[in-house]
Structure formats: C-alpha cells, structure tokens
Amino acid sequence: MFIRKAKESDLDQITSMEAVCFPPTEAADRDRLAGRLNTFPDCIWLGFDDYGDFVCFVAGLITMEPDLIDEMYADTSFHKPDGDWLMITTVCTLPEYRRKGFAAWLLRRVIDEADSRGCKGVVLACKENMIEYYSRFGFDNEGVSSSVHGGAKWYQMRLTFDDEYHYSRLFVVSDDPKENQRMLSETLFGSPM
C-alpha cells in the first residue's frame, strides 16, 4: 500500500469516493472538500493499492476543541495546526476494497502521525456498527455524540496518547524476529540497529 497526502489535483477523485461511501446527507460536497484541501491538505491521507489505484482516504483537522461537533464538517476555521486533537471527519474505502486491511493500514498511519505531531489524541464519530472496529485501534467509546451530522446517530470515539497508550505500543510483537529487533532498537535507541 502507498500512502500520501492529498493535493488539489485529487479533488475530483476524493469527491467521487465520498459520494460512493456516504449517503447524500452525510457526504461532503465538492466545495466543502475543496475548502478542506485548501486549508489543511496535510490532514488528508490517501491510500493506494499496489497497482496505484486510489482505494481509501482519511480526512480530518487539528483543533483545540476536545469534542467533534457538527460545525467542524463545514467550518475550516476550526483547524489549528498546533492544536491538541486530531478530529477525523472521514474514513472512506471504496466498497470493492473493504475488509482487505487498507483502511486499517491508513488509519494506523494517521494515528502515528497525530502522535508524532504532539497531539493529545484522536477523536472521531462513528455509527454503532463500527464501534468494535475502532476499538481495535485503542479508541474508547464515549457514548452518543452531540453530533447529528447528516441526521444520523453517532458515537464519539477517543484515542488518548497517554502513558498507557505509549507503553502498550512498546511491546508490539511481529512474527518476524528481525522486525521485533528493529522495533525494540527504535524504542530504546531512537533508530534501528
């Protein structure tokens, strides 16, 4: 999988994917997506398969606000590059590429980047059927969200980059002993052996 940040030239593809993945009441239109691309392209990650096909994307914004509110979907002024929280507003995978790990891989990259930026954590809103999925990444369900975006019932999920989160990441084990050695070296010494 290849991952990169969005560019203005990606607008049509992003708009099309958004329309395929969400009902019309929830999908961001071309103008909203253009505003996000112009304001915070560094918070829009695109995923491509091994053949270069665009298969998924994750979009959000960095803000000082601790909770995801409906205004963040439309008002780009909430974005503060040095803010505390990454608010994910979109996780989108084309139907034919779902359940193949693309979104998971991309979401892991987004989480790692938010942590590297010094954010306190990541917040998103999801429907009830997706709570278990996001829990696998360490997100905690905080209950029904105040968001009523698109007229749907959402649940706010939060992943906080606290000591417990960082400690749990120290001992991720791979089936590959060389990968384990590399990860341990990076953790202890800041660079691979």
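**Close-up views of a predicted model**

**Overview. The secondary structure of the protein consists of six helices and seven strands.** Helices (H or I, at least four residues) and strands (E, at least two) are DSSP runs, numbered from the N terminus. This is a predicted model, in which local features need pLDDT of at least 70, side-chain atom pairs count only at pLDDT 80 or more, and totals for chains, interfaces and linings use all residues. Residues are numbered from 1 along each chain as its sequence is written, and side-chain values use heavy atoms, with hydrogens and water left out. From the N terminus on, the order of elements is β-α-α-β-β-β-α-β-α-β-β-α-α. Of the 193 residues in the protein, 44% are buried, where buried means under 20% relative accessible area, exposed over 50% and partly exposed in between (1.4 Å probe, protein chains only). Among contacts (heavy atoms within 4.5 Å) with a separation of 6 or more, 63% are between residues 24 or more positions apart.

**View 1. Helix H1 (residues 11–21) and its buried face.** The buried residues of H1 are Leu11, Ile14, Thr15, Met17, Glu18 and Cys21. Seen down the axis of H1, they fall within an arc of 165°, so they line one face of the helix; the arc is that of the directions from the helix axis to the C-beta atoms. An α-helix has 3.6 residues a turn, so residues three or four places apart point the same way. The packing partners of the buried H1 residues are helix H2 (30–39) and the strands E2 (44–48), E3 (54–63) and E4 (85–93).

**View 2. Thr90 in strand E4.** Thr90 is buried, with a relative accessible area of 2%. Leaving aside neighbours within four places in sequence, Thr90 is in contact with Glu18, Phe22, Arg36, Phe57, Val58 and Ala59.

**View 3. Strand E7 (residues 155–160) and its pairing with E5 and E6.** Two strands pair if DSSP finds at least two bridges between them. Strand E5 (residues 121–126) runs antiparallel to E7 and is joined to it by six bridges; here Ala125 stands opposite Gln156. Strand E6 (residues 140–144) is also antiparallel to E7, with three bridges, and Val144 stands opposite Tyr155. Five of the six residues of E7 are buried.

**View 4. The largest cavity, of about 40 Å³.** On a 1 Å grid over the protein atoms alone, a cavity is a set of points where a 1.4 Å probe fits but cannot get out, and a pocket is an open set with protein on both sides within 12 Å along at least five of seven lines; lining residues have an atom within 4 Å of a point. Grid points are joined across faces, edges and corners, and a volume is the space filled by probe spheres set on the points. The structure holds one cavity of 30 Å³ or more. Leu11, Ile14, Leu33, Arg36, Leu37, Ile44, Phe57 and Ala59 line the largest cavity. At least two lining residues come from each of H1, H2 and E3, with the largest share, three residues, from H2.

**View 5. The largest pocket, of about 930 Å³.** Of its 36 lining residues, Phe22, Val91, Arg98, Met130 and Tyr134 are the closest to the centre of the pocket. Two or more lining residues are given by each of H1, H2, E4, helix H3 (102–116), E5 and helix H4 (131–135). E4 supplies the largest share of this lining, six residues.
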